[in-house]
Each structure stands twice: as C-alpha cells, then as structure tokens.
Amino acid sequence: MYFCNFLHLLNKDIGIATLIEETSNIALCGFTAPKVLWVRNNEPENFKRIRKIMLPKDYIVYMLTGSHSCDYSDASGMLLLDVKSKCWSKEMLDICGITEDMLPKLYESFECTGTILPGIAKILGLPDTVKVTAGAGDNAGAAIGTATVGEGKCNISLGTSGTIFISSEKFGVDKFNALHSFCHSDGGYHLMGCILSAASCNKWFYEEILETDDYKGEQSKITDEKLGKNHIYFLPYLMGERSPINDTDARGLFIGMRPDTTRSDMVQAVLEGVAFAFRDNLEIAKDLGIDVKVSTICGGGGKSKQWQKIIANILNIKLEIPAVEEGPGLGAAMLAMVGCGEYTSVLECAEKLIAKKSAVYPDKEIVARYEKQYKKYKEIYPAVKELYGVLKGE
C-alpha cells in the first residue's frame, strides 16, 4: 500500500477535523503517524516487534543517558501529540495501534533528561556528571539561535528547505491548515510554514542546469533596477510543496520565457520564486491577524546579499542578520545553558547572547513593483494545478 494512501486515510477517513482537534495539524509525509501506519500494514511482523518509538536525536539521548525522552517541539511533528495540552493523544495512539509506553517521556527542550552514563562518558572522555538536555527540532533550535523567542518574533530559515517561523506565548491554530501549529523550544508555541525546496532550487539550477558552482558570480548581475521587473516566474516546487498548498504532485515550473530572456533573468527568477513562496506563507499569517514587520534570516541561502534584498522587498519586511550564523547549533548550546542553570529562561539567554550585525530594509519603489508581480505569481499555481495530476501519470 502506497505511503500517500495513509495520508488519505488520516486526512479523509479519520478526518481533518479530528486531526486538528487531537494534534492541531493535518497529516503530512514527514510526520511519524503515517509512517507507523505504513509499517503496521506493510511489515506486520516488524510492527509487532516495536517496543520503543523515537526520533533520531532522541536515540542519541537514549544512548547517552538511557532515558527514553523527546522534547515538545520535535514531538509536535509526529502527529501523535496533543500540541495544545502537551501530552500524547490517546485517540491518535489508538488509530495507529500503539501504546503510550512505546512513546518517550516528554520534556521542555531546555530540561535535563539525565546525565551521561559512566561507560559512555569513559568512551567519550567526558566526566560522568555531564547533563544532557532534551534538545529541539532543527527549526525550533534555529529560532533559539536567532532570538526568535517570546511573543510575535519571526525567523526565516533559508536552507535546503525553507521555513518561516513565528513564535508566540499563546497556543493558536491556522484555520486554513496551511501553517503548522507546534510547541516551541522556548516553552511556548509557534506557527511555521515549510517550503520543501528553497536553497536547493539554487543548487539544482546552478549545478545541474548551468553546470557551475559560482553562486556569487551568477547573482552579480541582479541589480536593484531589475528587481520587480523580471518577465519570468518560477514555481519552486521541485519536490512537491508543503505550506501552504500541501500538494505532493506539484513540480517546478518556469513560465514567461521570451527570445530576449537571459541567463541572469532565470537566475533571478529562481531567487524570486522562493521568496514568493515565503510570501504565500506570510499571507496566511496575516489572515490570522499576525502582523510581521521584522524577521531574522539564517541558513546558507540567507548569506546572499541579493537574496536578502529580494526577500525583504517581496515580503515588505525588515530583515535582520544575526552576528553568529550557526543558528541551530547555537540554539542547542543555549538550551543546554538554560538546562544547566546558567540562565533562568530561554528568553533571558537569547537577550544576553544574540546580537544582530546588520539589517536589510525594503525599498518602497521596489516593494510596489513586486506587489504587482506577486499578484501575477499567485495566478500561476491555480492555473496549472490540474496539469500536475496529468504529469504524475507519466
């Protein structure tokens, strides 16, 4: 039975209303629950052997400490957690045919799950008094490392995939089911939009199509005068798309090419297509009454000056660039500091450790040009959506 059939089972047969009530999210490919269902139906003998279910980082914690644990931020993406109440959903466990003793004990990301085992400490050359904290999901960790904590902060992560992460002290659910409603590693909550292909679009276009790794050189011809004037549009759905369209069949698309189209035009279109995808998610947040005016940016793609400027103008927000680029790794270290008592809270830690080195501001004229282009961009996916189903059959 194909994996996508289990997404259909959860979203259609179980029902989105039930999923939202139990987990605050709809079923998506990366979540744990549909994977458990796949194993139950396709490998029943292996399913019977399951004693413990854990995420990759939690297996490392288990090996270090012997503690079967998981933090709330990572558990939010399993489709087994009642996000609002911060406990496992009995309804979802029953649907998947598993029991709570198979699942880890839940912790805040900054809480200690145990100390390192003596034997492991000896192998690693560490004292056996070393504490191990629960940790966090990658995007929740990056949010800590960019000081996206507390109420109404935003971070854009521009890595292989891309996310727009909005922190909140209060629980909230996107009624459109386009943004994830997860627990945050600062002890609060967050809304997150995820685009599956972000900087990977650049890697694909430069290295596979243009056969070059000169990223900076390819972007050097994108001047301010060209922003908002490109006649080419690019849909960055190389691997399907998650937020906000949730379409696994969607694929990448260039449209608008003419005899005078240049290499630089296509390079620019790729950068703009990813930025427009971020804008799609920001529009959902606006519909929820969330007014984002400032965001940090991190990830490999976030180092590009041209891409920073394009994103700032397409989203019409101020972009702040952190002084330290290792967002997720730094966030993990900060959580450990809080867990060991160096700081009383994640917020205090972020306020004292995170600084911004620069900022990119939107330009009114460029914003106005991109506003017109975004309206055209929004028309493309609905117009070609049905074609993706046709292409899938090839």
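Strand β8 (residues 162-168) and strand β10 run antiparallel and are joined by seven bridges. Strands count as paired if DSSP finds at least two bridges between them. Helices (H or I, at least four residues) and strands (E, at least two) are DSSP runs, numbered from the N terminus. Phe 165 has Met 192 as its bridge partner in β10. The model is predicted: local features need pLDDT of at least 70, side-chain atom pairs count only at pLDDT 80 or more, and totals for chains, interfaces and linings use all residues. Residues are numbered from 1 along each chain as its sequence is written, and side-chain values use heavy atoms, with hydrogens and water left out.

Strand β9 (residues 180-183) also runs antiparallel to β10, through four bridges. Here Ser 181 is the residue whose partner in β10 is Leu 191. β9 and β10 form a hairpin with five residues between them. In that turn, Gly 187 has a positive phi of about 100°.

How enclosed is β10? Seven of the seven residues of β10 (residues 189-195) are buried, so the strand is largely enclosed by the rest of the structure. Buried means under 20% relative accessible area, exposed means over 50%, and partly exposed lies in between (1.4 Å probe, protein chains only). In a regular strand the side chains alternate between the two faces of the sheet. In β10, Tyr 189, Leu 191, Gly 193 and Ile 195 are buried on one side. His 190, Met 192 and Cys 194 are buried on the other.

Next, the aromatic rings. The whole structure holds 16 aromatic pairs. Rings of Phe, Tyr and Trp (its six-membered ring) pair if their centres lie within 6.5 Å; planes under 30 degrees apart count as stacked, over 60 as edge-to-face and the rest as tilted. Trp 204 and Phe 205 make a tilted pair, 5.8 Å centre to centre with 45° between the planes. Trp 204 and Phe 254 are stacked, at 6.5 Å and 25°. Trp 204 lies in helix α9 (residues 199-209) and Phe 254 in strand β12 (residues 253-255), so this pair ties together parts that are 50 residues apart in sequence. Trp 204 is partly exposed at 28% relative accessible area. Phe 205 is buried at 2%, and Phe 254 is buried at 17%. Ring pairs link Trp 204, Phe 205, Tyr 206, Tyr 215, Phe 234 and Phe 254 into a cluster.

The loop between β11 (233-235) and β12 contains Pro 244. A cis peptide bond joins Ser 243 to Pro 244, with omega about 0°.

Two other loops have backbone features to check. Ser 24, a residue other than glycine, has a positive phi near 70°. Ser 24 sits in the loop between α1 (3-23) and α2 (32-42) and is buried at 5% relative accessibility. Lys 86 also has a positive phi, near 55°. Lys 86 lies in the loop between β2 (81-82) and β3 (87-88) and counts as buried at 16%.

Finally, a helix pair. Helix α12 (residues 305-315) packs on helix α15 (residues 364-392) at about 70°, with the axes 8 Å apart. Axes are lines fitted to C-alpha atoms, for helices over the stretch in contact, and angles run from 0 to 180 degrees between N-to-C directions. α12 and α15 are therefore roughly perpendicular; angles under 35 degrees count as roughly parallel, over 145 as roughly antiparallel, 65 to 115 as roughly perpendicular and the rest as oblique. Ile 310, Asn 313 and Ile 314 of α12 make the contact with Ile 366, Val 367 and Tyr 370 of α15. Contact means heavy atoms within 4.5 Å.
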